[in-house]
Each structure stands twice: as structure tokens, then as C-alpha cells.
Amino acid sequence: MSWINRVRNALPFTPKRDTPDNLWIKCPSCSEMLFTKEYEDNQSVCPRCDHHGRIGADARLAQLMDPGFVLLPAPKVKEDPLKFRDTKKYADRIKAARAANPHSDALTNAVGRIEGKKAVVGVQEFAFMGGSMGMAVGNAFIAGTERAIREKCPYVAVTAAGGARMQEGILSLMQMPRSTVAISRLHAAGLPYIVVLTDPTTGGVTASYAMLGDVQIAEPGALIGFAGQRVIQDTIREKLPEGFQRAEYLHAHGMIDMVVHRHNLRATLAETIDYLMAAKAA
């Protein structure tokens, strides 16, 4: 220890200050160090490079919906139906995910309004086992569409997932056709289905309800695809274009309808719901 540190520590009027561990956050895109509060106040968008960070279900619902929205109860499903085990038991993985997250699984529904327009919104939590689609997610998605039908309002799905939950095997894959049927029932009732694609949306989720919206909206820079870029390149033996599987590339090639900044997302959803519901009434 240097003499100046010894003197400083000995002085009674200069107590040590504890610095919170979460005072700063490093932008994963530009590597800039940001004040966490400044970052969160900007809706988890980097004020330097405009990178859209990943956010949880509660923060997403608070950003999109008017105050007073109500969370819907999570449907009960049989847990660990296959008694699956890899390096850890599946039951232990679920327990750990629940301990680290506010909700019981990766999809949370809420009913309320978006700038005064009634809607049911389902948000996937990527922090919960990579937002993976298992029976709980499938049942929650169906419950969300059924509530939208009862409320006679649109269902908005905000996707963020690595794909199907492999620990549930074929039972996970069955959620793809089940969610497709749920969307068909929503359409049969004459109600819109809107998808907001966030980073990342991949695998079986992309192969089912993530790409079946009447309107497909994506956040800037979101990774959207089925297989990974390396897998595709190794399969077709060709180098893929720059920005392949990013929101802007998909928009330029007609795969999605619009790319909307997070700051404008709520207003865009309200405008889209207003337009689609007016068309239904007409």
C-alpha cells in the first residue's frame, strides 16, 4: 500500500464510499460505458449507437401498454413430462430459471390498452431459458388469443426466443401447429394478430407464430431467422450477404412490413390497431 493510501484510510473524515456494482453498463454494440439509469431511462437503447438492448417482459409491457394493464394468470402444464436430463435435470433448470425471473415461464400475457386501444399483449422473456417454446409457452399463447377473442380485440405477440425447448422433445414441437390453429381462430373471429419481432427471434418460434402476423413489425437490428448463419453457410456452401437475418435486410426483401424504433413502437402499435379494427368495423 502506498503512503498516500495509508494516510487517506487513516483520516476519520474521509470514509470509503461503496460503489454499486450496477452503476454502469457496457453497450454490447459500441462497447461504450453507460450509466445504467441513463440507459434504462432511454428504454434500454444505447444513446451513443442506438443499439436496442434486450429487455424483460415487465419492462416491455410497461413501455407498450397504458398504466393499469392486468397480467393474465399463467396456464398450468405438466412439468418435465419426459423426465429429461442432460448435464442437469430439466426440473432443476426450470427451478433456476424461475428463481432468476419474475414469471413462471417464458411467455407472459397482459390485457389492457395501448394509447387507449384495447389489446391483449403476450411478451416472451429471453432471459427465461432463452425464451424457448415449451408447453407452458404454447398454452400461454393460446390463452392469450382466447382472451383476445373474448375481449374482441387484437392479440399482439412480442417475440424473443432461441426456438423450441429441446428438453420437452416432440411436445415442444407440437406447440407450432397448436399456435397456428389459435391464430386461425383469432382470424375466424375477425380480429387482428400483430407480431413485434425483437432480438433474437429464431428457430421454431420463427417457423410458427412469429411469422404469421397480419402485420410484422421488427425492432432495429433484431436477429430474425430459423437456422443460424453458420449452419446455412455450411449447407449451401456460399457466403451470406452482409446483415443477413437482421431486421433491415428482411424488410428490404419483403419478409416484414416495417422496422420501428423502440421509442416509436407504442404509437405505431396504437395506429396499426386503430387502422385494422376500423377496417373490421367497416
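Is Asp 105 buried or exposed? Asp 105 counts as buried, at 9% relative accessibility (buried is under 20% relative accessible area, exposed over 50%, partly exposed in between, with a 1.4 Å probe and protein chains only). Keep in mind that this is a predicted model: local features need pLDDT of at least 70, side-chain atom pairs count only at pLDDT 80 or more, and totals for chains, interfaces and linings use all residues. Residues are numbered from 1 along each chain as its sequence is written, and side-chain values use heavy atoms, with hydrogens and water left out.

**Salt bridges**
- The structure has 14 salt bridges (a side-chain nitrogen of Lys or Arg within 4 Å of a carboxyl oxygen of Asp or Glu).
- Asp 105 pairs with Arg 165, with the closest N and O atoms 2.9 Å apart.
- Arg 165 sits in the loop between β6 and α6 and Asp 105 in the loop between α4 and β4, so the bridge ties together parts 60 residues apart in sequence (helices are DSSP runs of H or I, at least four residues, and strands runs of E, at least two, numbered from the N terminus).
- Arg 165 is buried too, at 1% relative accessibility.
- Glu 219 and Arg 60 also meet in a salt bridge, at 2.7 Å from N to O, and both are buried.

**Helix α4**
- Tyr 90, Ile 94 and Ala 97 of α4 (residues 90-100) are buried.
- They span an arc of only 65° around the axis, which puts them on the same side of α4 (the arc is taken from the directions from the helix axis to the C-beta atoms).
- Lys 95, Ala 99 and Ala 100 are exposed, on the face of α4 turned away from its buried side.
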